[in-house]
Amino acid sequence: MQQGERPQSQSQPETFLRVCQDCDLVQAVPKLRDNEAAHCLRCHSVLETRKKNSLNRSLALVLTGIILFILSNLFPLLSLKAQGIAYDGTLLSASIELYNRDRPWLALLVLFTTFIFPAISLLGTLFVLIVTKLHYQTPVTASLFRFLHSTEIWGMLEVFMLAILVAGVKLGDLADIIMGVSLYSFICLIIVLSFLSLSLNSNTIWHPDGHHP
Amino acid sequence: MTSIDRTFVRESASALTLGLIGCKHCHTVSRLPASLPITRKHHKNVLRCPCCQAHLQSRIPNSLSKTWALLLAAAFMYIPANILPIMNVTYLGTGQPDTIMQGIIHLIEGGMWPLALIVFVASIVIPFLKLLVMAGLLLSVHFRSHWRPIERKKLFHITEFVGRWSMVDIFVVAILVALVQFGNIASVDAGLGALSFAVVVVLTMFAAHTFDPRLIWDAMETDNTKNTENMENKDKSHG
C-alpha cells in the first residue's frame, strides 16, 4: 500500500473524506467543532465526533477510575453473615471460588470480564493518554489503543453491578447482607467509566493536533 | 483509475466500488492498491492503514458463513443452557438443582417480581431474541433484501450492545458460589447449565462481531456491484 496517499481534493481543505463503518458510503465531512458529530447520509450512524477538551477530561477520569478500581479490589464488596460467621466476597473471590469448585472455564471467563479486561483497559488507556499528551506516540501505542478499542465490550463491570444487586436480593432472606466498603467505590467506578466512554474520543488519540488526514 | 473518478462524482457509492477503504480505528481513507483484485473474498496480502497500521478489510472475509457457524453453535448450546441446572443449592444436606427458569420462579415467589423481570429479560428473552434477530439479519443479507436497511442496521447494533447483559446470570452464580459456603449447612455450586449458558453468550457475542453490517447495504447497490464485476474482469484481462 502506498503510504499516506489521500484521495482528497486539494481545493477544499475544510472537508475530508470519510468512509462509513456501517454502510461503506464514501462522503465528504466538514471539519467539526467541539461537541459536534457527523452522521452518515445514508445510514445515520456516527462518522466522526469531536469532544471538548477530550484528552484532559479523559486523563482525569482514567486516573479516578484506576484509584476506584484499586479500592474496589482491596475491600469486600458484600459480606454475608449467618450464625455469627461472616463471609467476605471481593471482586476476585468470585472467580477464585469457581476455580476451587472445579469450574475452571467459568472462573476464567469471570476473571477476564470482571478483572483482567477492565484492568488492562484502565491502565492501557492511561498509558495511551499520557503518551499522546506528551506528543510521544509510537507504533506500539497505536496497536495498544487498537487492542483496547476492540476488546472494549469484554469488560463487564456494569453487568457485574447488576449481578451484585440480584445476588443481594436472593440472599436477603437466607442471611444478613452487609454492604462492603468497596461496594461504594465500585458504584462510583461504574459512573466514572461511563463518563470516560463519553469523553474519550478516538480522534483525540489518532489526530491529537486536531489535524484530519 | 478513470473509472474510479467517474463513479466518485455520483457521491453515492460504497468505498469498495470506488477502490477506497476506510480504517475502522483512525478513520483514515486509503486507496486500495490496483494489484489486489477488489473482491469480497479473503485475499492473502494483508493491507495496513498508513496512519495507525491497523489491518484493513473492505469486508470481513467470509462474514456470513462464520456468523452462521457461531450462531448455530450458540443455538445448539441454548438447549442445555436452559435444561441443565445453572446452580446446585445444598441446604442442610439436601441438594436442590436450579435451572434459569426455576431461579426466576423463586424470585417471583419471594415477591421480587421487578428483579425477576430483569433476570427473565436478561437470561431468557435477550439470548433467544438475539439468536432470532441474527438469523433474520443473515437471511435478509443472503436473499439480498432491500427491506428497511436503516432499521436492520439499528437492530444489529442493539443486538450487539445488549448481548453482554446476559452475563448477569453467570455473575449471580459466581457471587453466590463465593459467598454461600457454610460447610454442611448451606453451599452453592455452579452447574453445567451455567457453563453452557456462558458459552451461548460468548458465541453470540462473537457472532455479532463477525457479522459485517456493510453487507446489508451491498444488496442495495446492485448497479454498483455490476461496476465492481466489470472492474474485476478488467483486472483479470490486464493481468
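In which sense do S5(B) and S7(B) pair, and over how many bridges? Point 2 answers this.

1. This is a predicted model, in which local features need pLDDT of at least 70 and side-chain atom pairs count only at pLDDT 80 or more, while totals for chains, interfaces and linings use all residues. Residues are numbered from 1 along each chain as its sequence is written, with chains lettered from A and ligands numbered from 1 in the order in which they are written.

2. S5(B) and S7(B) pair in the antiparallel sense, over five bridges. Strands are DSSP runs of E with at least two residues, helices are runs of H or I with at least four, and both are numbered from the N terminus. Two strands count as paired if DSSP finds at least two bridges between them.

3. Strand S5 (residues 87-91) of chain B also runs antiparallel to strand S6 (residues 94-98) of chain B, joined by five bridges. B:Tyr91 has B:Thr94 as its bridge partner in S6(B) and B:Ala186 as its bridge partner in S7(B). A hairpin is formed by S5(B) and S6(B), with two residues between them, and B:Leu92 in the turn has a positive phi of about 50 degrees.

4. The three strands make an open antiparallel sheet of chain B in the order S6-S5-S7. S6 and strand S7 (186-190) of chain B each have a single partner strand and stand at the edges, so one side of each has no neighbour in the sheet.

5. Chain B as a whole has 10 helices and seven strands. Of its 239 residues, 39% count as buried, that is, with 20 or more other C-beta atoms, placed from the backbone, within 10 Å of their own.

6. In chain A, H2(A) and H3(A) pack with their axes 7 Å apart, at an angle of about 170 degrees. Axes are lines fitted to C-alpha atoms, for helices over the stretch in contact, and angles run from 0 to 180 degrees between N-to-C directions. The two helices H2(A) and H3(A) are therefore roughly antiparallel, the term for angles over 145 degrees. Among the residues making the contact are A:Leu98 and A:Tyr99 of H2(A) and A:Val110 and A:Leu111 of H3(A).

7. Between the chains, the contact takes 56 residues from chain A and 55 residues from chain B; two residues are in contact if their C-beta atoms, placed from the backbone, lie within 7 Å. On the side of chain A that touches chain B, H5(A) gives the most, with 10 residues.

Conventions: Buried ≥ 20, exposed ≤ 12 C-beta atoms within 10 Å, placed from the backbone. Parallel < 35°, antiparallel > 145°, perpendicular 65-115°, else oblique.
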